[in-house]
Amino acid sequence: MTHIRVVIGAGALALALVATAVLVGRGGAAARPPRRVARADHFPPAPATRSPATRAGIELGRRLFFDPRLSANDRISCATCHEPARAFSDGVARSARGISGATLARNAPGLANLAWVERLFWDGGAKNLESMVLGPIQHPDEMGETVARMIEQLAADPVMREAFARAFPGEGVTPSGVMRALAQYLRSLVSADSRYDRHVRGEAGGELADAELRGLAVVRAKCARCHATELFTDRAFHDIGLDPPSALPDEDPRRGRARVTFRAADERAFRTPSLRNLSYTAPYMHDGRFATLAEVLAHYRRGGVAGVALTDDEADDVIAFLRALDDPDFVARHAR
Amino acid sequence: MRRALSLIAILATAASCGDNDLQAEIDDLTAQLATTEAELAQTAQQRDTFKQERDALAGALAALEAKVNPVISLEVPFVFGAEALELNKAYPVAGGDTLSFREVRYWLTGVALERPDHSFVDVPDGYYLVEARPEQPLTNGTESALMLPATRREAISFTSIPSGTYVGIRFHIGVDPAHNDDLSRTAGELHTLKNMTSDNGWMWFTSYIFTKTRADLAGPGGAAVVSWDNGSNDDLREVHLAFPSAIETAAAVAYKVRVKADLETLADAVAPRQRVVIGAGTPGDRSLLADAFRDMFVLESAAAVP
């Protein structure tokens with residue numbers, strides 16, 4: 001079972017392309033009626049990407065993600081701040097694990113279902129996964145590496161040369177290859193196997209308790225304006241009235257989405273995070289200001305621009321339901 | 001195609017429907033997957049061979065084109081008023097100030113010649129970096145020990161445009177959104193290791209710097225280092241210039257289109273004393289800078305090289 005899970009979960013999008021390219025003309029596979037094409041087909045359609053994924057590309061991306069040679073001191077990898085066991089977040093409000101030891105401006109979010117996200121980062125400043133990859137690598141407080149040195153080191157390693165050759169035949173070890181492979185790996189991080197997902201698909205293991213079902217109804221009624229679709233995010237930007245707007249004492253409070261758009265209407269707005277895997281990704285919000293889900297709900301219940309009225313019982317039900325959005329298989333599958 | 005999809009469907013079915021009776025099917029699928037991967041490796045090898053063949057053909061095509069098509073060069077020399085630009089020379093600007101340029105660079109892209117019916121013939125993969133700058137370390141967030149050698153690049157040439165009558169030229173300052181939004185996409189001279197991506201917070205936009213100007217400003221208001229960058233999709237500009245008279249191009253003949261880039265016009269339009277720093281955080285000034293780059297080009301001549 002495990003093996004097939006890996007194939008479907010980590011490579012559903014990818015495999016579709018690989019298999020389509022390769023299997024034309026092969027016989028013998030079509031014995032049973034199809035039940036569905038991918039596990040995440042209850043999600044909205046993913047936007048098109050330019051670089052098609054391959055298994056070799058995803059595999060190279062996975063190697064790079066865990067490779068500390070992407071940092072200047074060869075000790076920090078992407079996984080330093082995006083730990084698989086925490087659904088690829090790091091458990092602190094704002095990380096100081098980067099090369100300079102300086103505390104970063106934002107909370108490191110969990111990484112899942114990125115194939116559906118078109119504006120990355122809390123303020124949507126990065127346009128796609130390929131291009132954003134150079135951000136952490138070069139950032140003086142994150143990995144502080146130069147692209148040139150990184151390429152030099154990777155190209156000196158025969159194992160890496162081989163992995164690049166498999167992923168991008170005839171291209172050598174290039175910055176573009178690093179970007180595309182990491183992006184392919186990041187897109188392959190599909191989390192769609194929580195108890196809730198099994199419930200939606202009518203599968204075994206998809207039973208929801210009464211409190212969870214009541215919580216689901218509350219979330220649909222009161223939160224889905226922003227935490228929309230089966231992704232539990234509208235992937236848009238909202239000011240939810242956090243006070244103060246930033247935990248950074250010297251940050252311009254107008255930042256948020258407005259840093260990118262320069263529009264007054266986008267001041268203090270951040271991208272709606274998904275509600276999946278919250279048990280692994282505390283603390284919450286763009287600056288990690290809330291340690292628990294109870295604190296998050298207390299914020300909404302105080303009222304204000306995105307206030308949500310909830311009775312105590314409703315709040316308990318919501319939290320119960322949010323736990324049903326945890327995907328332990330996703331976390332286990334990607335652990336090294 | 002259909003078979004491929006049904007394999008996936010079966011894999012999905014296997015993964016979703018549960019338990020014991022599946023083990024045999026799983027083994028079967030695992031075996032199929034291994035075959036698939038072997039086939040993929042083979043396909044990859046073929047792709048390699050095709051790529052080599054394509055490159056060889058492209059080389060041959062270029063050689064042939066040079067015989068069949070005219071050889072057209074576009075010269076875009078930097079000048080300051082009547083003089084050719086000298087880096088680090090103090091030129092007078094408004095308000096009794098002087099400006100001496102340390103570095104000027106921009107992406108010249110989307111080159112096309114205009115036919116008499118005002119349609120355009122594009123130069124394929126036309127992404128060029130025009131620059132006047134001294135040696136500098138390759139900086140990608142952090143400085144590296146690698147040096148980019150001093151460069152003065154103010155001309156491009158192409159043989160891909162067929163013979164015919166042409167009445168003007170068009171090009172862009174900056175990079176089109178499709179390439180600007182995806183740094184992993186390579187075309188022409190586009191590359192992330194050219195100090196044209198990551199300075200001054202540009203990584204926030206994960207895109208190319210379109211134009212980059214560094215200069216020393218001196219005068220009654222004091223000394224300052226001018227630093228002008230722009231580069232979001234909104235900053236892309238089109239330059240469209242009519243030839244003084246139509247050129248009739250013929251096979252294997254060389255033609256030269258000379259367009260001067262007058263930094264005096266640029267300095268007048270941007271006013272360095274008022275705008276010492278332009279960058280990611282100053283969208284209004286970035287746009288003004290983009291207009292000023294567009295407007296500094298003056299067509300001097302378009303003719304056969306004698």
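Of the 336 residues of chain A, 56% count as buried; keep in mind that this is a predicted model. Chain A has 15 helices and two strands. Among its contacts with a separation of 6 or more, 69% come from residues 24 or more positions apart.

Now, how is chain A divided? There are two domains, with domain 1 covering 3-191 and domain 2 covering 195-332. Each side brings 35 residues to the contact between them: 35 from domain 1 of chain A and 35 from domain 2 of chain A.

Which three residues supply more than any others of the area that domain 1 of chain A buries against domain 2? They are His42(A), Trp122(A) and Asp123(A), with 24%.

Let's turn to the polar side of that interface. The rule finds one salt bridge across the interface of the two domains of chain A. Asp123(A) turns up again here: its side chain meets that of Arg259(A) in a salt bridge, at 2.7 Å from N to O. As for the classes, the side of domain 1 of chain A that touches domain 2 has 18 nonpolar, nine polar and eight charged residues.

Next, have a look at Asp317(A), in helix 14 (residues 312-323) of chain A. Is Asp317(A) buried or exposed? It counts as buried, because its relative accessibility is 9%, and the cut-off for buried is under 20%. Beyond its neighbours within four places in sequence, Asp317(A) is in contact with Ala211(A), Arg214(A) and Gly215(A).

Finally, some backbone details. Most residues other than glycine have a negative phi, and most peptide bonds are trans. A cis peptide bond joins Asp243(A) and Pro244(A), with omega about -5 degrees. Pro244(A) sits in the loop between strand 1 (237-238) and helix 11 (258-261) of chain A. Another cis peptide bond joins Ala282(A) and Pro283(A), with omega about -5 degrees.

Phe88(A) has a positive phi, near 70 degrees, and counts as buried at 0% relative accessibility. In chain B, Asn88(B) has a positive phi near 65 degrees, but Asn88(B) is exposed, with a relative accessible area of 54%.

How values were computed:
Residues numbered from 1 in each chain as written. Chains lettered and ligands numbered in written order. Predicted model: local features only at pLDDT ≥ 70, side-chain atom pairs only at ≥ 80, totals over all residues. Heavy atoms only, no water. Domains from an automatic or database assignment. Contact = heavy atoms within 4.5 Å. Buried area = accessible area lost by both parts, 1.4 Å probe. Salt bridge = Lys/Arg side-chain N within 4 Å of Asp/Glu carboxyl O. Nonpolar A, V, L, I, M, F, W, Y, C, P; charged D, E, K, R; others polar. Helix = DSSP H or I, 4+ residues; strand = E, 2+ residues; numbered from the N terminus. Buried < 20%, exposed > 50% of the residue type's maximum accessible area, 1.4 Å probe, protein only.
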